[in-house]
Amino acid sequence: MPSDPFDYDLLCIGSGPAGQRGAVQAAKLGKRVALIERRGTLGGACVDTGTIPSKTFREAVLWTRGAHARASAMIPARPTAAELLDRVAMVVARERSVIAGQLSRNHVEVFCGDAAFQDPHTIVVRSREGVRECTAANILIATGTETTATPGVTPDGEVILTSDDVTQMKTLPRTLAVVGAGVVGVEYASMFAALGVEVTVVDRRDRPLEFLDAEIVDELIHQMRKQTVAFRFGEAVERLEVSEGPPRRAVLWLESGKRIVADVALFSVGRQGATARLGLAAAGLAADERGRLTVDAAFRTTVPHIFAAGDVIGYPSLAATSSEQGRLAACHAMGAAATPMAAHFPIGIYSVPEISMVGQNEQQLTAARVPYEVGVARYREIARGQIVGDDSGFFKMLFHRETRRLLGVHIIGTGATELLHIGQAVLGLGGGLDYFLTTVFNYPTLAECYKVAALNAANKLAV
Ligand SMILES: Cc1cc2nc3c(=O)[nH]c(=O)nc-3n(C[C@H](O)[C@H](O)[C@H](O)COP(=O)(O)OP(=O)(O)OC[C@H]3O[C@@H](n4cnc5c(N)ncnc54)[C@H](O)[C@@H]3O)c2cc1C
């Protein structure tokens with residue numbers, strides 16, 4: 001369809017990583033692009049409430065913990081929420097201005113308001129300033145996700161929180177109940193535990209984070225228990241209440257009849273695709289029961305000129321993959337050549353301790369009957385591990401027994417999310433054991449784990 005009858009070649013809904021990258025990519029192809037964002041600020045959940053604030057908070061937690069360990073006489077054992085969250089606002093503001101600059105340099109028009117379909121090519125944008133209509137030849141839905149409703153009570157941002165509220169909290173609680181042991185729940189549970197907060201995690205499953213290598217999850221649970229986190233697995237929360245007080249406290253009623261009382265409850269049981277208010281039916285689209293949209297390999301929905309990318313299409317729901325999906329969707333929409341995203345993307349979990357993985361894990365390889373050997377390294381045997389004071393870090397690589405190709409890398413410990421990229425590159429290039437055996441790494445670095453784990457695997461394969 002010629003684009004001339006329309007106001008824009010591409011209209012992106014949402015300014016998170018997917019919408020942003022999609023808009024910039026189309027603009028770089030010389031197209032007329034606009035982006036609509038319902039929040040007053042740019043960056044999506046990634047910059048506003050998710051990735052960036054939570055990782056800045058984590059850094060503050062680690063700094064406080066480290067500083068306290070080094071100079072306990074000078075640093076308060078229990079920082080205030082304001083002290084911890086000070087940098088969050090600053091980093092978020094910087095990120096927002098980087099995004100605004102990028103969009104403006106690339107001549108992407110930005111509209112503030114709530115977007116909804118009027119028909120397959122027309123979007124209505126409603127804001128306090130009024131209502132505006134825009135038409136586009138192609139539309140990219142990059143609306144991300146929203147928190148799930150809490151049973152029995154509305155989050156008040158003080159006693160009952162969702163992950164959207166954590167980095168706005170006014171007071172650091174002494175006790176915290178986390179409902180849901182997904183990535184976000186586990187990350188925050190471990191961060192608060194590292195601050196000395198007494199944390200209880202409740203999850204209806206028997207094990208958390210099933211997509212991770214089981215040994216790594218066992219190590220995480222062990223480390224978190226050492227930080228006095230109590231896990232209540234196989235328990236579901238029936239409803240939440242806030243006690244009258246003072247002080248007002250969160251009361252969790254479990255289906256088993258148990259009751260947990262905490263200063264604050266963080267409800268984090270997954271997120272829903274943000275599609276409820278998009279008027280999808282007017283475009284001939286429908287979302288699944290969790291608000292997500294289905295797309296093909298080109299990120300095209302069932303309506304050929306409407307694309308979707310990022311968390312709104314579900315797994316893997318990461319900032320980096322959302323960004324790349326948005327870029328690829330824009331290329332496909334504009335008819336530009338696009339190489340698909342590489343198969344091996346990394347997963348990072350910023351718990352304390354940090355976890356990262358790429359490729360397959362032992363459960364998957366066993367189920368697929370792939371013959372593999374494991375090579376492990378422990379940070380306490382690595383000079384850099386001693387230097388940084390991490391004696392519990394654990395690193396493992398999985399190699400095909402016959403071809404010796406690398407199949408997966410799984411790390412828990414300091415710097416895991418950075419360290420992983422060496423393994424990711426080798427995996428992506430089809431390399432294997434011999435690369436690590438013959439390569440020399442800087443010393444002393446955590447990268448030495450690659451060498452030690454490779455030698456360990458080679459020794460086992462030689463038997
Ligand atoms: C607490 C937390 C921590 C996280 N940590 C990490 C991490 O460490 N690493 C990582 O890779 N990922 C992390 N994530 C996930 C990451 O934030 C998401 O994968 C990423 O933000 C998804 O990008 P997106 O563009 O799809 O959507 P979002 O970033 O969610 O952006 C969507 C935007 O669309 C807007 N919007 C929605 N509906 C409309 C509408 N109708 N009209 C106009 N605008 C609309 C929303 O306001 C929002 O700004 C975390 C998420 C959370 C919640």
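Reader: How are two packed helices described?

Author: Two packed helices are described by the angle between their axes and the distance between the axes. In this predicted model, the axes of H1 (residues 17-28) and H8 (residues 319-333) come within 7 Å and cross at roughly 35 degrees. Helices are DSSP runs (H or I, at least four residues), numbered from the N terminus. Axes are lines fitted to C-alpha atoms over the stretch in contact, with angles from 0 to 180 degrees between N-to-C directions.

Reader: Which residues make the contact of H1 with H8?

Author: Contact means heavy atoms within 4.5 Å. H1 uses Pro17, Ala18, Arg21, Gly22, Gln25 and Ala26, and H8 uses Ala319, Ser322, Ser323, Gly326, Arg327, Ala330 and Cys331. By class there are 6 nonpolar, 5 polar and 2 charged residues. Here Ala, Val, Leu, Ile, Met, Phe, Trp, Tyr, Cys and Pro count as nonpolar, Asp, Glu, Lys and Arg as charged, and the others, Gly among them, as polar.

Reader: How many residues line the second largest pocket?

Author: A pocket is an open set of points on a 1 Å grid over the protein atoms alone, where a 1.4 Å probe fits, with protein on both sides within 12 Å along at least five of seven lines; lining residues have an atom within 4 Å of a point. The second largest pocket has 22 lining residues, with Leu62, Arg65, Val352, Asp390 and Thr414 nearest its centre. H3 gives the most to this lining, with 5 residues.

Methods:
Residues numbered from 1 in each chain as written. Predicted model: local features only at pLDDT ≥ 70, side-chain atom pairs only at ≥ 80, totals over all residues. Heavy atoms only, no water. Helix = DSSP H or I, 4+ residues; strand = E, 2+ residues; numbered from the N terminus.
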